Amino acid sequence: MLNSRDINLLRSDVGKNCRIFLDNCQKVGLPVLITQTVRDNEYQAYLYAQGRTRPGKIVTNQKTPTFHSNKAGLAFDFCKNVKGHEYDDPAFFKKCADIAKRLGFSWGGDWKTFKDNPHIQWDDNGKYTSSMILQGKYPRSMPTRGQVTQKMTKDTAKSILKKEAKLSDATITYLDSYRYGDDLIVKLANAIASKS
Ligand SMILES: [Zn+2]
């Protein structure tokens with residue numbers, strides 16, 4: 001049974017934003033604790049049983065993990081890191097959620113049918129639903145706030161890689177055809193340009 005709170009198990013772009021979320025909360029004095037990142041089918045079945053075949057209050061309507069699944073890694077849960085008062089302060093959740101939403105996350109507390117205050121997910125502004133995630137349709141990489149928003153052209157990227165990184169035309173062509181992400185050379189050039 002997998003039930004983890006490890007940020008490293010989130011998809012890397014989501015994990016990066018989760019860390020920014022934590023930093024931003026800490027900066028304004030909100031004591032956030034991540035309680036859950038990913039889980040497997042077995043743990044979701046265990047949660048589903050709560051309030052149904054096991055005592056307790058119903059915490060989920062999903063039999064199979066979606067955004068939290070170890071395959072997706074698109075969601076995390078949090079609470080207030082104050083012993084005995086982890087979940088009794090709605091204003092705390094609202095303030096943290098505002099910070100998360102500014103980064104681009106969606107908040108479970110905004111859901112109409114099943115409010116989930118401790119839940120944060122990346123669904124590309126509501127474009128992705130649980131059933132899409134179950135079908136293996138995942139949202140694009142989550143942007144990081146403060147990243148270069150104006151998109152660099154490939155030609156500019158190539159000339160930066162040539163001049164600044166001293167890469168050969170053949171290497172640049174190879175990188176450009178590399179399957180891992182369409183914008184690899186633009187990303188590399190952005191990284192180089194931001195350092196120089
Ligand atoms: Zn959750």
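How many helices and how many strands are there in the protein chain?

## Overall architecture

The protein chain has seven helices and four strands, where helices (H or I, at least four residues) and strands (E, at least two) are DSSP runs numbered from the N terminus. Along the sequence, these elements follow the pattern α-β-α-β-α-β-β-α-α-α-α. The model is a predicted one, in which local features need pLDDT of at least 70 and side-chain atom pairs count only at pLDDT 80 or more, while totals for chains, interfaces and linings use all residues. Residues are numbered from 1 along each chain as its sequence is written.

The C-alpha atoms of the protein chain fill a box of roughly 65 × 40 × 30 Å, taken along the principal axes. Of its 196 residues, 27% count as buried. A residue is buried if 20 or more other C-beta atoms lie within 10 Å of its own, exposed if 12 or fewer, and partly exposed in between, with C-beta atoms placed from the backbone.

## The sheet

Four strands form an open sheet in the order β1-β2-β4-β3, and the pairing is antiparallel; two strands pair if DSSP finds at least two bridges between them. At the edges stand β1 (32-36) and β3 (106-107), each with a single partner strand, so one side of each is left without a neighbour in the sheet. Strands of a sheet pair through backbone hydrogen bonds, either parallel or antiparallel.

Four bridges join β1 to strand β2 (residues 75-80), and these two strands run antiparallel. Within this pairing, Q36 has D77 in β2 as its bridge partner.

## Helix α1

Helix α1 (residues 12-27) has 16 residues, which at 1.5 Å a residue should span 22 Å; the expected span is 1.5 Å times one less than the number of residues. Its end C-alpha atoms are 23 Å apart, which agrees.

The buried residues of α1 are V14, N17, C18 and F21. They cover an arc of only 110° around the axis, which puts them on the same side of α1; the arc is that of the directions from the helix axis to the C-beta atoms. The face turned away from this buried side carries the exposed residues S12, D23, Q26 and K27. Just after α1, G29 takes a positive phi of about 80°.

## Two loop residues with positive phi

N125 has a positive phi of about 55° although it is not a glycine. This residue lies in the loop between β4 (119-121) and α4 (130-134). N125 counts as exposed because it has 11 C-beta neighbours inside 10 Å.

K166, likewise not a glycine, has a positive phi of about 55°. K166 is found in the loop between α5 (154-163) and α6 (169-177). With 8 C-beta neighbours inside 10 Å, K166 counts as exposed.
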